[in-house]
Amino acid sequence: MKRIVYSLVFISLLSVGFVGNLKAWDENGEAVCLAKNIYFEAGNQSKAGRLAVGLVTLNRVEMREYPDTICGVVHQGPTYTNWKGNTWPVKHKCQFSWYCDGKKDIIEDSKTWNEVYLLAVALVQGSVYDFTDGSSHYHNDTVHPYWADHLYKTLTIDNHIFYK
């Protein structure tokens, strides 16, 4: 039964042109880093909200103030080395809160993960228009970070406010 399901999924992906567009560019896991960022930052948001979070991540890659890779942007922040020699992000000091909130980053919703992974692949391949107008920041509408007053508000989607 599993074989039939996997075959149907593969055929479905072929029919939308997805598999034909796969490239070996992701050996460093850039699409996975982007998908994790979208999943943990906006997995409970609308498709537009998820897309906007992905676009902010990509916009930062293009800015000189940020690392030049998706994984670099997602993992950006101060780190420390523990007594075992392991390097960890400093709690609550990352660019994206999920990465250093001290919680285990476990993907529990397979349907959402599959959706955001396909979205991340499309974003990495450059096949999505940036409707955020180059936004580089966003925050939840329940907080007001210090930088919000120094940037231009571009749009609001769901409970996220976007800026550049």
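Three salt bridges turn up in this predicted model, counting a side-chain nitrogen of Lys or Arg within 4 Å of a carboxyl oxygen of Asp or Glu. Before you click, note that residues are numbered from 1 along each chain as its sequence is written, and that side-chain values use heavy atoms, with hydrogens and water left out. Because this is a predicted model, local features need pLDDT of at least 70 and side-chain atom pairs count only at pLDDT 80 or more, while totals for chains, interfaces and linings use all residues.

**Stop 1**

Select R50 and E115 and show the side chains. They form a salt bridge, and the closest N and O atoms are 2.7 Å apart. R50 sits in helix α4 (residues 47–61) and E115 in helix α6 (residues 110–124), so this pair ties together parts that are 65 residues apart in sequence. Helices here are DSSP runs of H or I with at least four residues, strands are runs of E with at least two, and both are numbered from the N terminus.

Is R50 buried or exposed? R50 is buried, at 9% relative accessible area; buried means under 20%, exposed over 50%, and partly exposed in between, using a 1.4 Å probe and protein chains only. E115 counts as partly exposed at 30%.

K111 counts as exposed, with 59% relative accessibility.

**Stop 2: D133 and K164**

Jump to D133, which forms a salt bridge with K164; their closest N and O atoms are 3.1 Å apart. The pair links distant parts of the chain: D133 is in the loop between α6 and β3, K164 is in the segment after β5, and 31 residues separate them. D133 is partly exposed at 45% relative accessible area, and K164 is partly exposed at 37%. Looking back at the previous stop, salt bridges that share partners join R50, K111 and E115 into one network.

While D133 is selected, check its backbone: phi is near 60°, a positive value in a residue other than glycine. H92 is in the loop between β2 and α6 and is exposed, with a relative accessible area of 58%.

**Stop 3: the sheet**

Switch to cartoon view. Three strands make an open sheet, in the order β3-β5-β4, with antiparallel pairing. Its edge strands are β3 (137–140) and β4 (153–157), each pairing on one side only. Two strands count as paired if DSSP finds at least two bridges between them.

Neighbouring strands of this sheet are turned by 20° against each other on average, direction ignored; the axes are lines fitted to C-alpha atoms, for helices over the stretch in contact, and angles run from 0 to 180 degrees between N-to-C directions.

Zoom in on β4 and β5 (residues 160–163), which pair in the antiparallel sense over four bridges. For one of the contacts, select K153: its bridge partner in β5 is Y163.

**Stop 4: the largest pocket**

A pocket is found on a 1 Å grid over the protein atoms alone, as an open set of points where a 1.4 Å probe fits, with protein on both sides within 12 Å along at least five of seven lines; lining residues have an atom within 4 Å of a point. Grid points are joined across faces, edges and corners, and the volume is the space filled by probe spheres set on the points.

Two elements give two or more residues to this lining: α3 (30–42) and β3. β3 gives the most, with three residues.

**Stop 5: the second largest pocket**

Finish with W88, P89, Y99, C100 and G102. These lie nearest the centre of the second largest pocket, which is lined by 13 residues and has a volume of about 260 Å³. Which strand gives the largest share of the lining? Strand β2 (residues 87–89) does, with three residues.
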